[in-house]
Amino acid sequence: MKFGIVVNEGPYQHQASDSAYLFAKAAIAGGHEVWRVFFYHDGVNNASKLTEPPQDDRHIVNRWAKLAEEHKVDLVVCVAAALRRGIKEENLAQGFRISGLGQLVEAGIKCDRLVTFGD
Amino acid sequence: MSEMKKFMFVNRKAPYGTIYALESLEVVLITAAFDQDVSLAFLDDGVYQLKKGQQTKGIETKNFSPAYRALEGYDIEKLYVEKESLEARGIVEEDLLVDVTVLTRAEMGALMDEQDVVLSF
């Protein structure tokens, strides 16, 4: 099955990003495709390369980037939501790209399931 | 993208206090621009998004409620409000900014079941 994932909450503050990541990993391990992850609302903060968690904690941003690299997952950050929150090309982590809400609509059209994580 | 799917946007939060309602509207407009079948559902505190007479000056936030009246211009005409959510908050249909279809919780559930994509904000 082809999955699209929407992440609507920032990292560390909320379980949504962790759950989305674990879901994506499980889906891929189960032989499914994760075609795109779309970051919206505070979810755009998952893409900040300035993120520096303590060393004994998980690195949410790098974890997404690694998933993207290893499994060709398209990580898209909503431009309008990103600009509101100070996420720009200059502080965008590797593996992510900034684009528009059309990419979310496209994921809804092209994927078999679109799964949302957030409140 | 000529393929058309049924998108439902489920609005469950009050219009101010968090950004979900405003950013939900942005997705709704884009989805309509992609010629998809768009419907909006309002339940829980989301019913407050459609309340007439919103005044936001005191919290120095933009009052975006006029945008709901403009939805018709984008051919977004399927607006559904949950009856139980209105009743729990003492709101009647006449208190709302726009024409809506009021559905019971069970009817709303059945409608959600018909959708291809359900996005909840």
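Is A:V79 buried, exposed or partly exposed? With a relative accessible area of 34%, A:V79 is partly exposed (buried is under 20% relative accessible area, exposed is over 50%, and partly exposed is in between, using a 1.4 Å probe and protein chains only).

## Ground rules

This is a predicted model, where local features need pLDDT of at least 70 and side-chain atom pairs count only at pLDDT 80 or more, while totals for chains, interfaces and linings use all residues. Residues are numbered from 1 along each chain as its sequence is written, chains are lettered from A and ligands numbered from 1 in the order in which they are written, and side-chain values use heavy atoms, with hydrogens and water left out.

## Around A:V79

Back to that valine: A:V79 sits in helix α3 of chain A (helices are DSSP runs of H or I, at least four residues; strands are runs of E, at least two; both are numbered from the N terminus). Leaving aside residues up to four places away in sequence, A:V79 touches A:I98, A:S99 and A:G100 (contact means heavy atoms within 4.5 Å). A:F23 is another matter: A:V79 and A:F23 are 56 residues apart in sequence and 24 Å apart in space, C-alpha to C-alpha.

## Where the chains meet

The size of an interface is often given as the accessible area lost when the parts come together. Here chain B and chain A bury about 1,700 Å² between them, with 62% of it on carbon and sulfur atoms (buried area is the accessible area, with a 1.4 Å probe, that two parts lose on being put together, summed over both). Chain B puts 20 residues into the contact, and chain A puts in 20 residues.

There are three salt bridges between chain B and chain A (a salt bridge is a side-chain nitrogen of Lys or Arg within 4 Å of a carboxyl oxygen of Asp or Glu). A:R84 and B:E26 form a salt bridge, their closest N and O atoms being 2.8 Å apart. Between chain B and chain A there are also 10 residue pairs in polar contact, both residues at pLDDT 80 or more (a polar contact is a pair of N or O atoms within 3.5 Å; within protein, one must be able to donate a hydrogen and the other to accept it, and residues adjacent in sequence count only if both atoms are side-chain atoms). On the side of chain B that touches chain A, α1 (20-33) and β5 (117-120) of chain B each supply at least two residues. The largest share of that side, seven residues, comes from α1(B). Sorted by type, the residues on the side of chain B that touches chain A are 12 nonpolar, three polar and five charged (Ala, Val, Leu, Ile, Met, Phe, Trp, Tyr, Cys and Pro count as nonpolar, Asp, Glu, Lys and Arg as charged, and the others, Gly among them, as polar).

## Helix α1 of chain B

α1(B) has 14 residues and spans 20 Å from its first C-alpha to its last, close to the 20 Å expected at 1.5 Å a residue (the expected span is 1.5 Å times one less than the number of residues). Its buried residues include B:Y20, B:L25, B:V27 and B:V28. The buried residues of α1(B) pack against α3 (79-84) and α4 (102-110) of chain A, along with β1 (6-11), β2 (37-42) and α2 (66-70) of chain B. After α1(B) comes B:D35, with a positive phi near 60°.

## Helix α4 of chain A

Among the buried ones are A:L104, A:V105, A:E106 and A:I109.

## Salt bridges within the chains

Over all chains the count comes to 17 salt bridges. In chain A, A:R97 and A:D74 meet in one at 2.7 Å, N to O. That pair links distant parts of the chain, with A:R97 in strand β4 (residues 96-99) and A:D74 in strand β3 (residues 74-78), 23 residues apart. Both belong to a salt-bridge network that links A:R36, A:D74, A:R97, A:E106 and A:K110.Over in chain B, B:K83 forms a salt bridge with B:E87, the closest N and O atoms being 3.2 Å apart. B:K83 and B:E87 both lie in helix α3 of chain B, four residues apart, about one turn of the helix.

## B:S85

B:S85 is also found in helix α3 of chain B, and at 1% relative accessibility B:S85 counts as buried. A polar atom of the B:S85 side chain lies 2.8 Å from the backbone nitrogen of B:D44.
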